[in-house]
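Subject: Handing over the structure

Hi,

Here is the structure I promised to pass on.

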Amino acid sequence: MLKIDNLHVRVAGREILKGLSLEVAAGEVHAIMGPNGAGKSTLGNVLAGREGYEVTAGSVTYQGQDLLTLAPEARAAAGVFLAFQYPVEIPGVNNTYFLRAALNAQRKARGEAELDSMQFLKLVREKLRVLHVSDELLHRAVNEGFSGGEKKRNEIFQMAVLEPKLAILDETDSGLDIDALKLVAEGVNRLRDPARAFVVITHYQRLLDYIVPDRVHVLAEGRIVQSGDRDLALKLEQQGYAWLAERKLAGAA
Amino acid sequence: MNAFVRTLLDAAADVERGSPQWLAETRRAAREDFARRGLPGPRDEPWKYTNLRALESRVPRVGDPDAATRVVDVAGFELPGCHGPRLVFVNGVFRADLSQVGALPAGVELGPLAGLLADGRDSARAVFAPEHAEPGAALARLNAALATDGVSLDVAAGVVLEAPIHLVFAGADAGADIAWHLRHGIRLGAGAEATIVEQHLGAAGAVQIGNLVEQVALGAGARLRHVRIQEAGVDATLVSRTDLVLGAGASFDAVALELGAGLSRRDVRLRLDGEGARADLRGAAVLRGRQHMDAQFELRHASPGATSEVRWRGIADQRARAVFGGTIVVEEGADRSDAQLSNKNLLLSPHAEIDTRPVLEIHADEVKAAHGATVGRLDERSLFYLRSRGVPESAARSMLTFAFCSDILDGIAFEPLRADLGQRLARHLPRMPGDGA
Ligand SMILES: Nc1ncnc2c1ncn2[C@@H]1O[C@H](COP(=O)(O)OP(=O)(O)O)[C@@H](O)[C@H]1O
Ligand SMILES: [Mg+2]
């Protein structure tokens, strides 16, 4: 579904991703872990199409097409979703209105019928119910005045409504208590499907107790430096990232 | 003397000859004054950012002789809650056939000004009283020489008018360039209350210059709510000036949405004359193409304990230009005044322009005053957030633009009208996602 090959990305004149390769097949959940500043969010932003992230080499193929040539909205319509590490507050734009505009724009781009307000509300209520999110959220402006946890929940709620094919979750678990974390995991697990893939960026192996990954990767200094199964996450949890530096030294020697 | 000035002066001489004696003198003085001053130019500080040179070569016909029979789309007048008294002017001419005054409460006099001019009643005289002598007020002077009609509203002390008074100014294609002039007088007695909804609309292709002057006097404790929806045609030039005087404890709440006209200029001069008077002025100019809108406010605190708040938003896309001037003067003795003025602007294109000049002059004690102006662009992070969810870029821009200015509509208490203005604003923005079926 997703094939990233030797990706090099510059941000503000600095090379952040330095030859990152990753393949994710439909139906899989991949976890990406790594120290702060390694380039995890950069990867998410590049996949979602954020401006200012300059690809200097490499390629990203998504469902057989070159993802990098598509505008962010076209990527969304093609099924790419990024749950932001720091969701932005947008005062004055109502959450429901925004989400309906987004869903209908995606549907229109895919040649599907748009939902009228009744159909949309029905869908939204259903999603709120299963995610145990208060419908008060619908009446507020996008993320405005939301607590950290509410923002993360809103990201998962949007994901549930938009039903993407490839969801990238950027530290959606950070700053969440255990109950909120379970909700996020449940949101993901409900969407798990042979036709869908997830890239879960996280610092804590805790989340992976609830979202069991097929593969775990370590991203450090702009590259995937190690891949493995779940046990790799446990090892990282116990040993931290210090061994990475040692491993690098050993490699250099 | 340019062609425009000559044309208007000739017309003014005719109007003067047909005027009752009490008025002819005022008109002559105004005409001579305009002849001397001509159109305001860059040398007049208040016109620094609005160039009227494009008018100089125009030779509009003054008035539209066929205005009485012009076909206008009455559906365009329909506004929520505006089913009561309505006065409609087409190309500056009162249209009784489109207007309705109905049964008004005792103590309310509403009608076209023309009927009051002949016998020189006080109310008519009051409308022509201001000298507009200051530099830059030449067009208001010209209006005194040429306006033969307008709206006259008197609400007696203590009378509360529930239904909004709907004033409609429609521009219709006259097949030629025209200029029209209207003059309004609005007086609320002590404790009286009224709401005015002022609507400007017109078709593209209607080339015209509308010039409006308005006097508003609010007695002690009177309350006037004012909503202005300006959707004049893009080929129209609209110049309007309002002078207000607020008595003790009087209040004035105004919301303006400026969406139309190719060139428009709005002057509001408000004097908080009595102790504890209160004014709340909000508005947004949302411009695109080559639209140019210049909003100039001057609020004068002349008594202690008065409160004023001005919130203006300017949004300029493509090659449009939004100008704002806001001056607050707290006169000597106007202690304990509270004056807030803010002007926030959004620049949507590298070819658009914003000019803003907030001024604060304080000559009193214990004054709470703040003023500020900002010019910014759309937040890139917000834009990316919306797009990453699938909202196309143009729609995302419109959503953020809408969000930037829609809160000024919160000043409209009547929800259906507020929603209607919100929709008008949304329709004005490119590819703004609708509320749908
Ligand atoms: N928009 C940006 N402008 C400048 N530098 C950035 C930007 N985004 C990321 N960086 C830099 O890129 C590096 C990687 O950041 P990031 O991808 O956020 O790391 P991670 O998510 O792994 O903590 C950091 O050094 C960060 O300072
Ligand atoms: Mg990060």
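One term before the ligand: a polar contact here is a pair of N or O atoms within 3.5 Å. Please also keep in mind that this is a predicted model.

How many residues surround ligand 1? There are 13, and the closest are Gly37(A), Gly39(A), Lys40(A), Ser41(A) and Thr42(A). Three of these come with distances worth looking up. In Thr42(A), a side-chain N or O atom sits 2.5 Å from an oxygen atom of the ligand. For Lys40(A), a polar backbone atom is 2.8 Å from a ligand oxygen. For Gly37(A), a backbone N or O atom is 2.8 Å from an oxygen atom of ligand 1.

Lys40(A) and Thr42(A) also belong to the next stop, helix α1 of chain A. That helix covers residues 40-48, and eight of its nine residues are buried, so the rest of the structure largely encloses it. The buried ones include Leu43(A), Val46(A) and Leu47(A), as well as Lys40(A) and Thr42(A).

Now for the place where the two chains meet. The size of an interface is often given as the accessible area lost when the parts come together. Here chain A and chain B bury about 2,300 Å² between them, with 61% of that on carbon and sulfur atoms. On the chain A side, Glu73(A), Val88(A) and Tyr97(A) lose the most area to chain B, together making up 26% of what that side buries. Counted by residues, the contact takes 36 from chain A and 22 from chain B.

The side of chain A that touches chain B gets at least two residues from each of α1, α2 (72-77), β6 (80-83), β7 (90-94), α3 (95-109) and α6 (148-162). Which of them gives the most? That is α3(A), with seven residues. By type, this side of chain A divides into 22 nonpolar, seven polar and seven charged residues. One of the salt bridges joins Glu51(A) to Arg387(B), with the closest N and O atoms 3.9 Å apart.

Arg387(B) turns up again around Ala76(A), a residue of helix α2 of chain A. Is Ala76(A) buried or exposed? Its relative accessibility is 2%, so Ala76(A) counts as buried. Beyond its close sequence neighbours, within four places, Ala76(A) touches Gln106(A) and Arg110(A) in chain A, plus Arg387(B), Ser388(B), Arg389(B) and Gly390(B) in chain B. The C-alpha atoms of Ala76(A) and Ala102(A) are 9.0 Å apart, although 26 residues separate them along the chain.

Last stop, over in chain B: Thr242(B) lies in strand β11, residues 236-246. This threonine is buried too, at 4% relative accessible area. Its side chain makes a polar contact of 3.1 Å with the side chain of Arg266(B). Apart from neighbours within four places in sequence, Thr242(B) is in contact with Glu214(B), Val216(B), Arg266(B), Asp267(B), Val268(B) and Arg269(B).

Cheers

Terms used:
Residues numbered from 1 in each chain as written. Chains lettered and ligands numbered in written order. Predicted model: local features only at pLDDT ≥ 70, side-chain atom pairs only at ≥ 80, totals over all residues. Heavy atoms only, no water. Buried < 20%, exposed > 50% of the residue type's maximum accessible area, 1.4 Å probe, protein only. Helix = DSSP H or I, 4+ residues; strand = E, 2+ residues; numbered from the N terminus. Contact = heavy atoms within 4.5 Å. Buried area = accessible area lost by both parts, 1.4 Å probe. Salt bridge = Lys/Arg side-chain N within 4 Å of Asp/Glu carboxyl O. Nonpolar A, V, L, I, M, F, W, Y, C, P; charged D, E, K, R; others polar. Near = heavy atom within 4 Å. Polar contact = N/O pair within 3.5 Å; in protein donor to acceptor, adjacent residues only side chain to side chain.
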